[in-house]
Amino acid sequence: MSVPTSDFLRILTERGFVHQCTDLEGLDKHLQEKMITAYIGFDCTASSLHVGSLLPIMMLRWLQKTGHKPIVLMGGGTTRVGDPSGKDESRKLLDDAQINANMAGIRKVFEKYLSFGDARGDAMMVNNADWLDGLNYIDFLRDFGPHFTINRMMTFDSVKLRLEREQPLTFLEFNYMILQAYDFAELGKRHDCLLQMGGSDQWGNIINGVELGRRVNNQSLFGLTSPLLTTASGAKMGKSAAGAVWLNADMLGSYEFWQYWRNTEDADVGRFLRLFTELPLDEIARLEALEGAELNEAKKILANEVTGLCHGRADAEAAAETARKTFEQGVLADDLPTIEVPLAELQAGIPAFALLVRANLAASNGEARRLIKGGGAKLNDKPIQNETQNITDADLGGGAVLKLSAGKKRHALVKPV
């Protein structure tokens, strides 16, 4: 079809969010006629989401900004099963206490992106444990089992991937797609939710929900997926050299978050500006056309905008100022990431590679050793000569902190206590 006429689908299409849709014309018509309710599910496998979840979060944000109602579905029930989609092995099963703790941590980020409340268009947060925990297994099998065939379930990527690689897929995980389909049917019945959105790896699960809602509730439901997001070099979104890029400030500070976006590959700048900011498209076109050193200014704008949405404008500006002082003026900014090390431990000496890992400048001892061997690790702006070099209190040189660096753009302070 041509460019959608509803604001929501037009914006998502123009900005690169749309991969597949069960009925794009039908959904576009519904969006023009009335306010609709849509949801995306998030399982509670960690106490924070990472940047790999930013794309679906932005889809919910645009949904609300264009006059529709978003539901954030927390997987308090499905997390107990584990989604096999895109996984080579079973997820670690969590107990209820850990799931609830993770859910409390994840809730925080959505308040930055969505407006919650009791008004008609306000966002809702719902927990699928509310209906999954009370299911009677025999009744559930009798009522919903006939709507799923093993033949079809075996064709979905989440199943085929495991079987082709001869990796075990447990019966517990095999049930996940049925539970997710049931979630959609239940939200359709409870909240007149007509649209489920998610990543392209969820396409089969979403189709199941669309068909189940039609069969058991006689509802016309829709599914919409976004493309699998990788960087231009093929890396998966959500990871950096030092580990996951978390969205919660208590898991990753605003400066490190800002730096992640500032270090975006050149080829990704325009795409990320469209997906993760709300800048006008003509301004994004101007920024992505910049070349050479000027493109770095576009990366700073990207970092400012994304960090502003996630951590607040004040924290974004502070992070940008820290970076400016550190890289442009050579000043040791006080608000660089700081780790505290017992003075006695520093007096005894800490191997350089181990301290780099503790400062989150390397993800492992092996990576830290390679960084040192390659000349990319520095102590107080001087190259660390040997991977086994001991760093001690003598390296303070009368100062209060040590400065560790990995390459030109990543720094941390080590403070003895």
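In the predicted model, the axes of helix α13 (residues 269-276) and helix α15 (residues 293-311) come within 10 Å and cross at roughly 20 degrees, where axes are lines fitted to C-alpha atoms over the stretch in contact and angles run from 0 to 180 degrees between N-to-C directions. The contact (heavy atoms within 4.5 Å) is made by Val269, Phe272, Leu273 and Phe276 of α13 together with Leu295, Ala298, Lys299, Leu302, Val306 and Leu309 of α15.

Helices (H or I, at least four residues) and strands (E, at least two) are DSSP runs, numbered from the N terminus. An open sheet of mixed pairing is formed by 5 strands in the order β9-β15-β14-β11-β12, two strands being paired if DSSP finds at least two bridges between them. Because β9 (338-341) and β12 (382-383) stand at the edges with a single partner strand each, one side of each is left without a neighbour in the sheet. Strand β11 (residues 377-379) runs antiparallel to β12 and is joined to it by 2 bridges, with Leu379 standing opposite Lys382 in β12.

The whole structure contains 10 aromatic pairs, that is, rings of Phe, Tyr and Trp (its six-membered ring) with centres within 6.5 Å. The rings of Phe42 and Phe110 have centres 5.0 Å apart and planes at 65 degrees, so the pair is edge-to-face, the class for planes over 60 degrees apart. Since Phe42 lies in strand β2 (residues 37-43) and Phe110 in helix α4 (residues 96-113), the pair ties together parts that are 68 residues apart in sequence.

Residues are numbered from 1 along each chain as its sequence is written, and side-chain values use heavy atoms, with hydrogens and water left out. As the model is predicted, local features need pLDDT of at least 70 and side-chain atom pairs count only at pLDDT 80 or more, whereas totals for chains, interfaces and linings use all residues.

How values were computed: Rings of Phe, Tyr and Trp (its six-membered ring) pair if their centres lie within 6.5 Å; planes under 30 degrees apart count as stacked, over 60 as edge-to-face and the rest as tilted.
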